[in-house]
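Here is a short briefing on one model.

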Amino acid sequence: MVIFLNPALALLGQGLRKSPIGQKLNFANHPYLCKGLIMHQPLPALFNLGVYYMSTLNRFIVRILFVLFTSQVFSTSVNATEAATLATNKCSSCHGGDFTGSSAPTLIGKTSDYLRTRLNAFKGGQGNTTMQGIAANLSAAEINTLANYFPTLGALEISTGNVAVNENMQTVTTLVANKTGATFSLNGSGDDNSLFMIDGAVLKFKNVDGANFEASPTKHSFTVNIQVAKSSVEVKKTLTVTLRDLNDETPTNINFIGSSTIAENTAIGSELGTLSTIDADANDTFTYTSNNAILTIDGNTLKLNAALNYESATSFTATITVTDGNAHSFNKTFDFLVSNIEEDAITLTRKEIAFNATAGAIIGTLSKVDASTLTYSVNDTTNFEITDNQLKIKIDATAITFPATITITASDGALTPTKDFTITKTIDNADTPVINQFIVTQGGNNGRLIGKTGGTVTVNALVSAETYDWSKSDITGTSNQTIFSFDPVNTNTGILKITLKAQNNNLSSERVLKLKLIAGNVNSENNDKDSDGIPDNKDTHIASNKIQAGEGKTMTSLGDTRILLGAMGKDSGRLTLDRIKQHITDNHLTENAIDTLTTGNIYDYVVEGLSAIGTSTQVIIELTTAIPKDAVLRKYSLVNGWSNFMVDDNNTIKSSADNTCANNATWQTGLITGATCLKLTVKDGGANDTDGDQTNNTGQANGVVESTISIATPAVISDDDNSSSDSSSGGGGGGCVYNPNAPARFDMGFILLMTLSAYYLMRRRRRFVR
């Protein structure tokens with residue numbers, strides 16, 4: 001048996017019809033396939049069986065070839081090059097090179113059916129005789145080519161779109177159409193057409209100087225209606241012309257927001273205010289300079305660049321120059337005044353002594369503004385004495401006649417100013433006693449940092465009461481009314497709590513002093529004469545109501561009070577979360593420093609010297625970072641951790657964007673986004689006072705307020721934060737985790753996979769059945 005099967009015909013035959021299951025194809029009488037068969041013997045069953053198992057892939061390929069073949073046979077596409085050549089040769093002489101009509105109608109925009117009908121009519125001897133002669137020589141294929149070609153060329157249209165033009169320029173743009181020889185003109189006088197003209201194909205403002213951006217603050221775009229015409233065809237279009245602002249204006253004024261009066265001895269680098277410029281150009285940039293070296297400018301912030309002395313100069317002037325982004329400049333002269341500080345004034349923190357105070361009790365602490373090294377002396381050396389800067393009674397208070405007027409002299413080697421003070425003793429013990437201040441001395445050092453080998457530590461309490469109880473202190477010592485002494489040589493290092501309970505009749509108050517005991521001795525670099533918790537060599541403030549709160553920033557207690565560094569702080573009232581954690585670790589306390597919110601800058605302070613138990617005090621904090629959006633004020637307690645700062649009639653929050661934090665008119669209630677000043681009112685013994693054992697989450701009413709606060713923001717939870725501890729301990733690979741809270745999902749991929757699997761199994765079954 002010899003069989004020759006034409007492959008193409010065989011494939012075509014296989015693709016014509018899909019045979020039902022179990023039925024063989026019979027090729028014997030097939031009108032096409034029989035042409036591909038050379039049969040020397042009758043077709044045996046084996047041949048039919050082989051054809052039966054021809055590949056499904058073959059049938060698929062034949063179908064694709066059949067579709068491609070028929071698409072080519074009935075295609076009406078035009079060869080663009082051949083059609084263009086034919087159109088140019090036959091039609092351009094009358095209809096023009098772009099076929100839009102010169103001495104004959106336009107061919108652009110006509111349909112294929114219309115053109116084919118007209119050409120066949122001309123070929124049949126109808127219509128224009130010239131066209132009859134041309135059409136007579138066109139074949140049917142050429143007529144079809146031309147009829148299909150011209151509609152592809154498109155109709156007449158304006159290519160120019162919306163345009164932006166610089167201010168003060170007359171020429172706007174050159175108008176463009178898709179056909180040569182077209183003529184442009186304005187379409188009517190509506191919208192803003194009256195402001196424009198068309199010169200040839202160039203759109204212009206009628207005004208030779210164009211339009212000025214600043215001349216019309218609200219009119220910076222124009223609507224222009226234009227049209228283009230060729231032969232008898234006209235096309236209209238509306239354009240938007242946008243005016244582009246140029247940096248062509250010079251600044252006209254400089255404004256200064258701040259105080260033009262500067263106190264002498266103001267720290268170099270202090271911010272004095274901000275500068276702003278008036279300029280007609282929008283979105284301009286400005287650079288400021290000063291001709292006076294006393295001032296410097298950082299961005300638009302005016303800062304002090306030199307020390308001021310009222311005795312040398314009471315005022316100065318500075319010319320500020322602003323330069324915009326296009327080198328236009330403007331100058332303005334500002335006058336500044338230098339205010340005087342009473343440098344020779346000697347201050348005494350307290351001027352009364354307990355009626356039962358014993359010899360050596362401290363009355364108060366002396367200081368003098370703008371003085372580094374001073375020697376103090378008192379005229380009454382029988383009843384009083386001065387140790388370093390501490391005024392004391394030399395004998396028991398009961399042996400002194402009060403009131404006693406004394407004269408204090410402060411000498412710096414050149415000047416010896418003096419000042420008189422009247423000292424009184426307390427007699428009325430009807431009120432709850434207030435422990436105004438603790439003054440700690442060890443050898444020649446003062447402050448809350450003490451050493452094991454530094455000798456006897458003496459704690460003086462500035463308070464007046466009937467009885468004084470020091471027994472609850474961590475260490476045993478000797479007490480003599482307002483004085484408590486001990487030697488820490490055999491005491492473990494760490495935090496020592498010295499507790500004093502002062503009582504009048506049934507009224508009492510209690511205050512805890514926290515001392516830090518270190519091994520060895522405390523050197524003179526850690527001396528803290530004003531007992532505010534900051535060593536003298538790092539203390540930037542002499543005033544007793546100020547401590548530093550970060551570089552160049554200050555915390556100030558208002559009224560006749562003192563502000564101290566909190567127990568967790570070091571050299572500054574501003575501390576970090578790590579500092580709190582370290583304090584907890586060092587003192588073996590319960591870890592509670594992590595907040596549920598994102599903790600920002602933290603401030604830790606103590607205000608003492610309140611006028612009475614249970615009153616409120618105010619503190620102003622110059623913030624290192626401006627208050628962010630959605631901020632929340634949080635308070636921290638070593639006992640209870642973080643919670644919201646409570647606001648009521650006795651506890652308030654105010655903020656201000658004033659650079660000096662001194663303008664009372666700028667304070668606003670709450671946390672204002674962008675503010676750099678914070679004013680807090682905190683009640684002694686209230687919800688925001690964090691001293692004592694924090695019973696009911698409130699402080700101890702004792703005439704002292706302790707506070708640790710932070711400006712926090714809502715926490716942002718990342719995917720890593722949601723991971724379980726089990727998964728976080730694993731390796732770095734991926735994997736699937738079941739989430740019972742995840743929404744149900746209709747998985748199309750899974751459905752498709754199952755469908756294909758079922759189809760495959762059915763095909764396999766059919767093959768086995770065969």
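Is the crossing of α5 and α7 left-handed or right-handed? The crossing of α5 and α7 is right-handed; a crossing is left-handed if the near helix is turned anticlockwise from the far one by less than a right angle, and right-handed if clockwise. This is a predicted model, where local features need pLDDT of at least 70, side-chain atom pairs count only at pLDDT 80 or more, and totals for chains, interfaces and linings use all residues. Residues are numbered from 1 along each chain as its sequence is written, and side-chain values use heavy atoms, without hydrogens and water.

**Helix packing**

- Helix α5 (residues 112-123) packs on helix α7 (residues 140-149) at an angle of about 145°, and the axes are 8 Å apart.
- Axes are lines fitted to C-alpha atoms, for helices over the stretch in contact, and angles run from 0 to 180 degrees between N-to-C directions.
- Helices (H or I, at least four residues) and strands (E, at least two) are DSSP runs, numbered from the N terminus.
- The contact (heavy atoms within 4.5 Å) includes Leu-115 and Leu-119 of α5 and Ile-143 and Leu-146 of α7.

**Cysteines**

- The whole structure holds 1 disulfide, defined as a pair of cysteine sulfur atoms within 2.5 Å.
- Cys-661 and Cys-677 form a disulfide, S to S 1.9 Å.
- The torsion about their S-S bond is about -85°, so the disulfide is left-handed.
- Cys-661 sits in the loop between β41 (652-656) and β42 (668-669), and Cys-677 in strand β43 (residues 677-683), 16 residues apart.
- Both Cys-661 and Cys-677 are buried; buried means under 20% relative accessible area, exposed over 50%, partly exposed in between (1.4 Å probe, protein chains only).
- Cys-91 is in no disulfide, and the nearest cysteine sulfur, that of Cys-94, is 8.6 Å away.
- Cys-91 counts as buried at 12% relative accessibility, whereas Cys-94 counts as partly exposed at 25%.

**Salt bridges**

- A search of the whole structure finds 11 salt bridges, each a side-chain nitrogen of Lys or Arg within 4 Å of a carboxyl oxygen of Asp or Glu.
- Asp-192 pairs with Lys-219, with the closest N and O atoms 3.3 Å apart.
- Asp-192 is buried at 13% relative accessibility; Lys-219 is partly exposed at 32%.
- Lys-538 and Asp-571 meet in a salt bridge at 3.1 Å, N to O.
- Glu-608 bridges to Arg-562, with the closest N and O atoms 2.7 Å apart.
- Glu-608 lies in strand β37 (residues 602-608) and Arg-562 in strand β35, so the pair ties together parts 46 residues apart in sequence.
- Glu-608 is buried at 1% relative accessibility, and Arg-562 is buried at 8%.
- A network of salt bridges links Arg-511, Arg-562 and Glu-608.
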